[in-house]
Amino acid sequence: MFKKLAVLSFICLVSAVSFAGGPKENDITYQQCREIKEQMDYYQKLRRSGGSASDMEYWRDRLKSLKDKDRQLNCRKYGMIKT
């Protein structure tokens with residue numbers, strides 16, 4: 001009886017943790033990280049397509065500032081940004 005109760009308690013605990021730990025669409029940090037990811041993709045696409053030296057420098061600086069924001073918000077925990 002005690003063994004069944006222990007297994008059932010463990011299953012409930014694991015399921016509660018797994019539901020609570022996932023990214024939430026309404027989580028503000030998750031939304032900010034998603035926006036940062038979209039902006040980074042945009043500027044990386046612009047840099048790959050080429051441009052003037054001043055454009056490339058601006059896009060590079062913009063990417064650097066977005067990566068800094070990514071680190072501050074710890075976006076890696078959502079698995080969106082691998083940098």
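**Figure 1. Tyr 42, Tyr 43 and Tyr 58 form one aromatic cluster.** The model shown here and in the other views is a predicted one. Searching the whole structure gives two aromatic pairs. One of them joins Tyr 42 and Tyr 43, with 5.2 Å from centre to centre and 70 degrees between the planes, an edge-to-face arrangement. Tyr 42 has a relative accessibility of 48% and therefore counts as partly exposed. Tyr 43, at 12%, counts as buried, because buried means under 20% relative accessible area. Tyr 43 also pairs with Tyr 58: the ring centres are 6.5 Å apart and the planes stand at 75 degrees, so this pair is edge-to-face. Tyr 58 counts as partly exposed, with 49% relative accessibility. A pair of aromatic rings is described by two values, the distance of the centres and the angle of the planes.

**Figure 2. A disulfide is formed by Cys 33 and Cys 75.** How many disulfides does a search of the whole structure find? The search finds one. The sulfur atoms of Cys 33 and Cys 75 are 2.0 Å apart. The torsion about their S-S bond is about -85 degrees, so the disulfide is left-handed. Cys 33 belongs to helix H2, while Cys 75 is in the segment after H3, so the pair ties together parts that are 42 residues apart in sequence. Is Cys 33 buried or exposed? Cys 33 counts as buried because its relative accessibility is 0%. Cys 75 is buried too, and its relative accessible area is 0%.

**Figure 3. Helix H2 has six named residues in its buried set: Tyr 30, Cys 33, Ile 36, Met 40, Tyr 43 and Leu 46.** The helix has 22 residues, and the distance from its first C-alpha to its last is 32 Å, close to the 32 Å expected at 1.5 Å a residue. H3 is included in what covers the buried residues of H2. After H2 comes Gly 50, which has a positive phi, near 90 degrees.

**Figure 4. The buried residues of helix H3 are Trp 59, Leu 63, Leu 66 and Asp 70.** Seen down the axis of H3, these buried residues fall within an arc of 65 degrees, so they line one face of the helix. An α-helix has 3.6 residues a turn, so residues three or four places apart point the same way. What do the buried residues of H3 pack against? They pack against helix H2, which covers residues 28-49. On the other side of H3, the exposed residues are Ala 53, Ser 54, Lys 64, Arg 71 and Gln 72. H3 runs over residues 53-73, and its 21 residues should span 30 Å at 1.5 Å a residue; the end C-alpha atoms are 30 Å apart, which agrees.

**Figure 5. Asn 74 follows helix H3 and has a positive phi.** The phi of Asn 74 is about 55 degrees, although the residue is not a glycine. Asn 74 lies in the segment after H3. Is Asn 74 buried, exposed or partly exposed? Asn 74 is partly exposed, because its relative accessible area is 43%.

**Figure 6. The protein chain has three helices and zero strands.** Along the sequence, the pattern reads α-α-α. Of the 83 residues of the chain, 17% count as buried. Among the contacts with a separation of 6 or more, residues 24 or more positions apart account for 48%. The protein chain exposes about 6700 Å², and carbon and sulfur atoms supply 58% of that area.

Key
Residues numbered from 1 in each chain as written. Predicted model: local features only at pLDDT ≥ 70, side-chain atom pairs only at ≥ 80, totals over all residues. Heavy atoms only, no water. Helix = DSSP H or I, 4+ residues; strand = E, 2+ residues; numbered from the N terminus. Expected span 1.5 Å × (residues − 1). Buried < 20%, exposed > 50% of the residue type's maximum accessible area, 1.4 Å probe, protein only. Arc of directions from axis to C-beta. Contact = heavy atoms within 4.5 Å. Disulfide = S-S within 2.5 Å. Phe/Tyr/Trp six-rings, centres within 6.5 Å; stacked < 30°, edge-to-face > 60°. Areas by Shrake-Rupley, 256 points an atom, 1.4 Å probe, with all protein chains shown as cover.
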